[in-house]
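Hi,

Here is the structure I promised to pass on. My notes on its charged side chains follow below.

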Amino acid sequence: MPKRKVAALEKVEADLVSLQYKIRRDPRSYAQEFYDQWLAYDAQRQIFVSSPATASNEDVKKFHDLVDLVAHVANLYPEITAPFPDHLKELLNQHHAVLDKELREKIVGSLVLLKRKDVIDSTGLLTTLFPILINTPSKTLRSLLYTKIISDLREANNKSTNHKLNRTIQTVLHNLVTSDRTSTKGMWACRITRELWRRQVWTDARPVDVMKEACLSDNEKVVVGGVRFFLGGDKEREEALEDDDSDDDVDLKKVKHQGTINKKTKKRSKQYEKAIEKIKKQEKKKHAPHPLNFSALHLIHDPQGFAEKLFQKHLQNTKNKFSLENKLLVLQLVTRLVGLHKLTIISLYSWFVKYLSPKQANVTSFLASLAQATHNLVPPDVIEPLIVKIANEFVSEASAVEVCAAGINSIREVAMRQPLCMNETLLQDLVMYQKSKDKGVVMAAKGLQSLYREVYPELLQKKFRGKQATMGLRSGEIKLRRFGEEEEGGIEGLDLLARYKEEQRKKKAAEEEEDENGEKKEKKDDDEEDDGFNSDEWEIGSTDSESSGGWIDVSSDEEDDGPAKKKARKSKGGADDEAPDLVDTEKEDPAAEAERITKLATTTILTPADLAKLQELRREAKLDKMLGTTQSKRKKELIERHIEDGVTAEDIELPATLGKKSTKEERVALARDGKPGREEHKSTQAIRKSKKEAEGKSTTNKEKARKKNFLMTIGKARAKNKRSLVETKKALTNHIAKSKQGGRRRNGIN
């Protein structure tokens, strides 16, 4: 008896993948089949809930496939699959430690899939995954959950910032750190916050508060994670932004060229379209407004209280058992906060005294931290004992030259921020070290001398002050700033703009005056060209003359102009305008200049043209400063550079490295840099060829013809020899025509 053909709707599908495909195409026709599979899933789930550890491999595989099927079509049958997300959450929360590895990953992936299909929201997903991330002992599961949490938060904040979700997760992380300060669970809060800060998903003050609480934890690992965030989180964010920009770079010209020389396929056309889309996105990014990404150190609430707590808990506390490396990290954060926000922690400076010794491990890091913690609002009496201690311990003829150079350089870094901490005797002693035989010590001493020439030349002896400092003291331009005195703020370069506008105004007035004089002169010449009669002149002559009759002496123009000009130059209060143009003896009063700048800033609205000119004047001023045409304000620039980046141990050790001969190993390493190793020795031509191949470039047609097999070229060579003159002429004519057209593909024709 032949087999009866079964209709498609009557067929019971055993293959779940095929059933899933058919359900997606026609959900209503396969509702019964799905319901049967749902019942099978429910039966298997009850087995796993009761005893997940005793399930066989076949049961695990079957349950794995059923979960995958239901997750993919759950949005098509919302009434039947309503309890499905709760089932998965319950199973994962209760039995994540004993579930099979693949089944566990499938349940996590199914929850993420349900969120993408809008069956559950992000808050429900993240609040389910986060407790498991903290408590599970499995490294693979922790890595999977961490990746899913980060990707879900990025996706939720992709188009616009999801403030509600962000606040929920930030509250969870904050509670995780503060609930148990001795536990290592706070490490996950640090990792998640730091990653989202690096990717610019979170940029406000709330994640900074989470890391602030992590720094005040009792667990050493959590503290180090929080401190590293403040010291390097902003740099990581900038590097990630640069990497994203470099990854998006597309060479449209190269893609277009490949499309013209290669065979046209759908794949290449799609690649070209994708390249155009990427370029459009890049253009859109360029014209988009730049986000205001503030540094984490600037977003800290109450930096004074935070710095005091951090110092008292982790540095001043003798019961603290942190390693020296971690103590240095905390010290760098405290000193960065003190220097950036100009805080006052008097006990911090006395704490430094026991660590300022050449025998102390990582002493240059302590010296750099001391320089970071100094600013112009720190009392000089507090810093002076530290300067004397450094000078006594480091700077002496018996000390090694590296130690001496580091000591003088650290004193210079401190004095740069608070020049009043130095006394005249000590400064004179330190400046005399420029006569040392070591180049590093000489450069450090000269750097200290140059600093005090700019900020406090009165402490130096006259022979060490230099020409500019001496002239500045005589004219009153260089004035010692008293303790606590701050420089007035303003718009950078506004004085240049004010001076430029004043010059333009004077120039315009002079041009108008010249035009008026020219018009009068032309009018006078025209009158003279008439019949010689000028009624105005006769009238003036009759009124000015005192006598009623007689002769009137009229001198020539040359005789009148010469003595008058000489007399006007000699007279102080004369009205002649030529003297200031020839010799500019008057100098503008600083008070008048300040008043003019203030008036420009308070009474004038700067137009786009003014702003453009201001930018141009700033560039010119910077160029003049680089070329040495103006006196550089080096002290202010160095302090501003170290505010964000901080002073490092390398900055303290820099003078000691000057003039030192490199070792043989360093010279060999420098010579080998950029060259292939011995095991892969190649000629220069081979290196160029491999470099071309790595860049995806091909060889030229000449190289291809040269490398062609000789037997393949014999026939063409023989045919060339047998050609007549007419055939040769025809071939050459065709060759010239093709070359004008751009070759066989006619690339020269647009």
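Arg45 and Asp42 join their side chains in a salt bridge at 3.2 Å, N to O, where a salt bridge means a side-chain nitrogen of Lys or Arg within 4 Å of a carboxyl oxygen of Asp or Glu. Both residues sit in helix α2 (residues 31–50), three residues apart, about one turn of the helix; helices are DSSP runs (H or I, at least four residues) numbered from the N terminus. Arg45 is buried at 12% relative accessibility, while Asp42 is partly exposed at 22% (buried is under 20% relative accessible area, exposed over 50%, partly exposed in between, with a 1.4 Å probe and protein chains only).

Please keep in mind that this is a predicted model, in which local features need pLDDT of at least 70 and side-chain atom pairs count only at pLDDT 80 or more, while totals for chains, interfaces and linings use all residues. Residues are numbered from 1 along each chain as its sequence is written, and side-chain values use heavy atoms, leaving out hydrogens and water.

The salt bridge count comes to 11. Another one pairs Arg199 with Glu195 at 2.6 Å, N to O; Arg199 is partly exposed at 36%, whereas Glu195 is buried at 16%. Glu195, Arg198 and Arg199 are linked in a network of salt bridges.

Glu413 also forms a salt bridge with Arg412, their closest N and O atoms lying 3.4 Å apart. Here Glu413 is buried, with 3% relative accessibility, and Arg412 is buried too, with 13%.

Happy to talk it over!

Best wishes

Note on methods. Helix = DSSP H or I, 4+ residues; strand = E, 2+ residues; numbered from the N terminus.
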